[in-house]
Amino acid sequence: MIASKLLFAIARVLELAESCGPDADLDKLVAELRAVQEELHAGVDEIDSAPDDIERLRAMQNWNTRAAWAELLVSALCDALKQPIPI
């Protein structure tokens, strides 16, 4: 599995959100970030298990699309928590 600063940042932000307790304003962001986190983990597996370069490239393109969305969510959640982005 490839290491990912983004996956680390997502985990840290989710930990911060959990430490703040339930908050209706944050719940949607947290739920969406958890969903993207799962998609990114699946994307890493797709990249790692791609049978050829074409499939690996497709998997990497999918990863990049998911990663862009995840970065926006991390930024929005960090803003809501008034915390610096842990990247």
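Visitor: Let's start with histidine 41: which helix does histidine 41 lie in?

Guide: Histidine 41 lies in helix 2. Helices here are DSSP runs of H or I with at least four residues, strands are runs of E with at least two, and both are numbered from the N terminus. Before we go on: this is a predicted model, where local features need pLDDT of at least 70 and side-chain atom pairs count only at pLDDT 80 or more, while totals for chains, interfaces and linings use all residues. Residues are numbered from 1 along each chain as its sequence is written, and side-chain values use heavy atoms, leaving out hydrogens and water.

Visitor: How many helices and strands does the chain have?

Guide: Three helices and zero strands, so reading along the sequence gives you α-α-α. Along its principal axes, the C-alpha trace spans about 45 × 20 × 15 Å.

Visitor: Which residues is glutamine 37 in contact with?

Guide: Contact means heavy atoms within 4.5 Å. Leaving aside neighbours within four places in sequence, glutamine 37 is in contact with Leu7, Ile10, Ala11 and Leu14. With those neighbours left aside again, the contacts of leucine 33 include Ile10, Leu14, Leu73 and Leu77.

Visitor: How many residues does the largest nonpolar core have?

Guide: A nonpolar core is a set of buried Ala, Val, Leu, Ile, Met, Phe, Trp, Tyr and Cys residues joined through side-chain atoms within 4.5 Å. The largest one here has 22 residues, and Ile10, Leu33, Leu40, Trp63 and Leu77 have the most contacts inside it. Helix 1, helix 2 (24-49) and helix 3 each give two or more residues to this core. Its largest share, nine residues, comes from helix 3.

Visitor: At what angle do helix 1 and helix 3 pack?

Guide: Helix 1 (residues 5-19) and helix 3 (residues 53-81) pack at about 30 degrees, with their axes 10 Å apart. That makes helix 1 roughly parallel to helix 3. Angles under 35 degrees count as roughly parallel, over 145 as roughly antiparallel, 65 to 115 as roughly perpendicular and the rest as oblique.

Visitor: Which residues of helix 1 and helix 3 meet?

Guide: On the helix 1 side, Leu6, Leu7, Ile10, Val13, Leu16 and Ala17 take part, and their partners in helix 3 include Trp63, Ala67, Glu71 and Val74. By class, this contact has 13 nonpolar, no polar and one charged residues. Ala, Val, Leu, Ile, Met, Phe, Trp, Tyr, Cys and Pro count as nonpolar, Asp, Glu, Lys and Arg as charged, and the others, Gly among them, as polar.

How values were computed:
Axes fitted to C-alpha atoms, helices over the stretch in contact; angles between N-to-C directions. Buried < 20%, exposed > 50% of the residue type's maximum accessible area, 1.4 Å probe, protein only.
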